[in-house]
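Let's take a walk through this structure together, one region at a time.

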Amino acid sequence: MSAALTIALDASNYVLILMLVALGLAIIFGLMNVINMAHGEFMMIGGYVVLVCHQAGLGVGWGMVLAPLAVAALGLLVEELVVRRVYTRLLDTILATWGLSLVLKQSISLGFGPGSHSVPNPLPMAVSVLGQPYPAYRLFIMAVTVLVLVFTFWLFFRTDLGLTARCVIANRPMAACLGIDTRRLDRFTFAFGSGLAGLAGAVMTPLVSLDPQMGLGFLVPAFLSILVGGLGSVAAPLAGATAVGVTDTLVATFFSPVWAQGVVFTLAIVLIRLFPDGIATRRRRVV
Amino acid sequence: MPEKAHTPDEAPGPEKAPARDAAGLAPLLHAQAVVAGYGQGVVLHGASLAIGAGERVGLLGRNGAGKTTLLRTLMGLVAIRDGDVEFDGASLRGRPTFAIAQRGIAYVPQGRELFPAFTVEQNLRLGGLAFGASDLSPAWAAFPWLRERRHERAGSLSGGQQQQLAIGRAIVSRPRLMLLDEPLEGVQPSVVSEIAASLDALCSASGMALLLVEQNVDVMLSLCTRVAFIERGAVVHGCDAAAVRATPSLLERYLGV
């Protein structure tokens, strides 16, 4: 029973982080039709922002506040310098952002060395969950990600800005005919999606070893989440992240992390074969 | 701006510049020898058109003559390659579509292009959001039934209702000119006169100018005061709607097959 609880909490942890990364990817793709191959590196840079803040004596907490803002600013710069010049050509956006991911990885290697770093856990104590001790920091991660996910959904489904964004997703030329500055929305969305990746990287940093290759380990399952969940709605990648994250955690716990990879890939292939539009395809939905 | 001279160097184009205004005022919209097209192809070969403030102009021509392309070009959806469009004294050439819309031109495209998954009210609000216009009363006033069905999905409405919603969405921002492309296409005959009457009332009440593309010539002549005939991408003739009614041979000449 107690083991089951720990596994459930671990799985939720991973699923929520995956949701942050996948949601950032999905809203950028949904609005701009851009597949951002550098999304994992945005996450990695979020981790390095925490490292820099820690080394500068600002503390890990401040790092977590600054990381999403810094990565959002980086996203803004990338959108202006790279993405907007190629965003009508899907294949070119993949190439350009993949190239960008290499540049970012190498820049971090040059600045911080190719080896791994670690930052201290800001909440090293354990908390009792239903009588079972569980790391407080992991609960903190869950709380933060849930809050950010709720905020993102509030932004997209309850505000005028969100209505505008969904209108641009639905019909970009018509949105422009209604006076909506689609370029400004692109910039905002790209920065926001990047910021989500930065936050995910920042909160994960105390739990993992931080190195320039860290991004790929999250980008691949995030892409799988989107493929499995589909892009029928903003919520679809979350269903995919749940399927991928839960499978991964369960198999990794009971068998081995190596098997987990194989099982997740196989499951993804089967699900995509059975539900080509994703397991959370758009049903009748009043948005 | 050295390219001010718009010399009629397109010699074969027998175009009449319809830039005329009884009071001698500058027109609200003035398209001068506009050249535009898609990819390699040129659709508009020097189209000129003037619309005064509050004036209602119908655009007639055969299929493929360039009616829709002219509307799309005015809206900035198709780039102007040569010539110029002035709206309220400012050039629209090279301006992005959203900026043209914000200057006061609303566009109701063929096929309406509503957001079918959004509710009626959300569609209307989207018409005003970019203008800071949260007051939907222009739409409620023109089509009162919209209010009762404001929580329904736009995609669930009938063709005629969708057309009214699309017009409603366009007028929330209180534009000075509406470009209306085939509003009666796919609309049940019983609703045609209803929409025409609403448009008439709407234009009279708001003083909004109208550029109308419509196959239903009777409705067009009843709504518009002036008609421009477009042929092979150029406006070749312009006259009062009354003159068209008096001279049916005009329709024969420019619309006949």
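N123(B) sits in helix 3 of chain B, which covers residues 120-129; helices here are DSSP runs of H or I with at least four residues, strands are runs of E with at least two, and both are numbered from the N terminus. This is a predicted model, in which local features need pLDDT of at least 70, side-chain atom pairs count only at pLDDT 80 or more, and totals for chains, interfaces and linings use all residues. Residues are numbered from 1 along each chain as its sequence is written, chains are lettered from A and ligands numbered from 1 in the order in which they are written, and side-chain values use heavy atoms, with hydrogens and water left out.

Is N123(B) buried or exposed? N123(B) is buried, with a relative accessible area of 0%. Buried means under 20% relative accessible area, exposed means over 50%, and partly exposed is in between, using a 1.4 Å probe and protein chains only. Setting aside neighbours within four places in sequence, the contacts of N123(B) are L114(B), F115(B), F118(B), A154(B), L165(B) and R169(B), where contact means heavy atoms within 4.5 Å.

One of those contacts, F118(B), also meets the other chain. The charged end of R166(A) sits over the ring of F118(B), 5.2 Å from its centre. For this, NZ of Lys or CZ of Arg must be within 6 Å of the ring centre and within 35 degrees of the ring normal.

Now turn to strand 3 of chain B, residues 56-60. Because 5 of its 5 residues are buried, this strand is largely enclosed by the rest of the structure. In a regular strand, side chains alternate between the two faces of the sheet. Here R56(B), G58(B) and L60(B) are buried on one side, and V57(B) and L59(B) are buried on the other, so that both faces are covered.

Which strands pair with strand 3 of chain B? Strand 8 of chain B (residues 209-213) pairs with it in the parallel sense over 4 bridges, and R56(B) has L210(B) as its bridge partner there. Strand 9 of chain B (residues 226-231) also runs parallel to strand 3, joined by 4 bridges, with L59(B) opposite A228(B). Two strands pair if DSSP finds at least two bridges between them.

Next come the aromatic rings. There are 9 aromatic pairs over all chains; rings of Phe, Tyr and Trp (its six-membered ring) pair if their centres lie within 6.5 Å, and planes under 30 degrees apart count as stacked, over 60 as edge-to-face and the rest as tilted. Y48(A) and F112(A) make a tilted pair, 4.9 Å centre to centre with 55 degrees between the planes. Since Y48(A) lies in helix 2 (residues 39-55) of chain A and F112(A) in helix 4 (residues 90-112) of chain A, the pair ties together parts that are 64 residues apart in sequence. Y48(A) is buried at 2% relative accessible area, whereas F112(A) is partly exposed at 27%. Ring pairs also link F151(A), W154(A), F188(A) and F192(A) into a cluster.

Finally, the cysteines. The whole structure has 0 disulfides over all chains, a disulfide being a pair of cysteine sulfur atoms within 2.5 Å. The sulfur of C224(B) has its closest cysteine sulfur in C203(B), at 8.4 Å, which is too far for a bond.
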